[in-house]
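Colleague: I am new to this structure. Could you walk me through how to read its features?

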Amino acid sequence: MKLSIAVPIFSLAATSVFANFVKERALPLVQSNQLRRVLLRSELLAKSQKLEQIAYTTPGRNRVVGSPGHAETLKYISETVVALDYYEVTTQSFTVPMGNSTLLVGGTAYESRLMTFTPGGHPVAPLVAAANLGCDPADYPAEISGAIALISRGTCEFGLKSALAGAAGAIGVLIYNNVDGALSGTLGQETRPEGSYPPTSGISKADGLALLASLPQTGDLNIILVDVPTYNIIAQTKGGDPENVIQVGAHSDSVEAGPGINDNGSGSIGLLEIAIQLTKFSVNNAVRFSWWAAEEEGLIGATNYVESLSQEELDKIRLYLNFDMIASPNFVYGIYDGDGSAFNQSGPPGSAEAEKLFQEYFTNDAGLPWVDVDFSGRSDYGPFLEAGVASGGLFTGAEVLKTEEEAAIFGGQAGVAYDVNYHAAGDTVANLNMGAFIQNAKAIAHAIATYARSFDSLPAKSVKRSMPRTDAFQISRRFTEHDAHSHGHGCLDNIFS
Ligand SMILES: [Zn+2]
């Protein structure tokens, strides 16, 4: 950096820092009840309507990464927080491989959906069925070499099936559903030791069985991937100690199927409204809001962000709180199980304390029931856990069915999904439970206000990363231990059976 000799005594920058200092000193220190009081259901609703309108004025009627709806969402959020003049707003750009899968067999087009982490490619080759469920190398006959493998869903992960087919020489993979409906899924991780993935897509059970019955046949599978640019939005309070940060995050993108108003308009709008209302107060600790892009494509935005931070920067994040789906129509008040009491997977030190803060808030302040929800890393807090950052958050449920016991506690319908419109066109404003939405927004405000005042309730910084993560935790992060679908924790599509 080159210094100018004629530096004015009061540079513009110095003046504005002074002005901010004066302005923030004049604001009252944030208090939970005061921040909660200025959160209005009508504002959550109006901003959710804004997101739906953004989606519906675009051809795809969605807010998926790379779409005009997502671009407008990012513009809306960033312009809103910049205009507050209370935050340092930065963006972090990256690209996401997005694509399209087409399948032609005997002149007929079949619906196919590429699996997350598949490579692109255009194999035209005989279709050859794998034996059994394709979970064992012995399930792949010699003829699979140079062919497109046709494999049933079930028992083991999609990623294992694809890798084993690749190891046997397959140049394409079609996995057909074992229940009715189209099959979307993820290979779970970028690479696997068993083999390299051929281009891999999912098809419906009906189509898979029809193709099996029609062999021999030649398939034409075309998966085209393009790198789509997008960005995370990070807004940190200008005031507060930047060495001790409470970070909160929600993903800004939807899936392709619909406008994504619960998933995750709700978390995004909840944080945006709190960011607006927080400007009425001062903070002791810095508060960092984050809106992640490409969660639905595999936690890509949050992963990029965490990987971009040095250990020194990671150490400044005393706690990360994640909010993904906080207004499900058939909701539970779910709190991530940071102490591992219910799901036997605890987070880094501080995670248990964050869970306790929410539990005490719901019980004592809001007078509402709550339930532990599994802490497997199936949303943007996953990369933070992997980096050893204490984490927590709230979740009102996705595709899993509400139990009788939960219906007795929370109301709603037993035997029905927490969100029947999860990852579907019906995830609209009308899909939201506004009561759950405002209650969760207030719970988030409570956590932000509490930690913006003090981190006394968390373990000291020095012990933050003293506890190694368990093997069990590492395994589940690779999505090999559980069927993510059956636990219903966030947005990633299922990996198997
Ligand atoms: Zn989500």
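Modeller: Gladly. Keep in mind that the model is predicted. We can start with salt bridges: the count comes to eleven.

Colleague: Which residue meets Lys-238 in a salt bridge?

Modeller: Look for a side-chain nitrogen of Lys or Arg within 4 Å of a carboxyl oxygen of Asp or Glu. Asp-85 is the partner of Lys-238, at 2.8 Å from N to O. This pair links distant parts of the chain, 153 residues apart. Asp-85 sits in the loop between helix H4 (68-83) and S1. Lys-238 sits in the loop between strand S8 (218-237) and strand S9 (241-251).

Colleague: Where do Arg-378 and Glu-399 lie?

Modeller: Their side chains meet in a salt bridge, 3.4 Å from N to O. Arg-378 lies in the loop between strand S13 (371-373) and helix H11 (382-386). Glu-399 lies in the loop between strand S14 (391-395) and helix H12 (404-410). The two are 21 residues apart. Arg-378 is buried, with 0% relative accessibility. Glu-399 is buried at 18%.

Colleague: Which residues are linked in a network of salt bridges?

Modeller: Glu-43, Lys-47 and Glu-273 are.

Colleague: Now disulfides. How many does a search of the whole structure find?

Modeller: One. Look for two cysteine sulfur atoms within 2.5 Å. Here Cys-135 is joined to Cys-156, with 2.1 Å from S to S.

Colleague: Why is the disulfide left-handed?

Modeller: Read the torsion about the S-S bond. For Cys-135 and Cys-156 it is about -90°, so the disulfide is left-handed. As for accessibility, Cys-135 is partly exposed at 22%, whereas Cys-156 is buried at 6%.

Colleague: Last one. What is Phe-94 in contact with?

Modeller: Set aside neighbours within four places in sequence. Phe-94 then contacts residues including Val-228, Tyr-231, Ala-293 and Asn-304. Phe-94 lies in strand S1 (residues 87-105) and counts as buried, at 9% relative accessibility. Its C-alpha atom is 9.6 Å from that of Tyr-305, a residue 211 places away along the chain.

Definitions and conventions:
Residues numbered from 1 in each chain as written. Predicted model: local features only at pLDDT ≥ 70, side-chain atom pairs only at ≥ 80, totals over all residues. Heavy atoms only, no water. Buried < 20%, exposed > 50% of the residue type's maximum accessible area, 1.4 Å probe, protein only. Helix = DSSP H or I, 4+ residues; strand = E, 2+ residues; numbered from the N terminus. Contact = heavy atoms within 4.5 Å.
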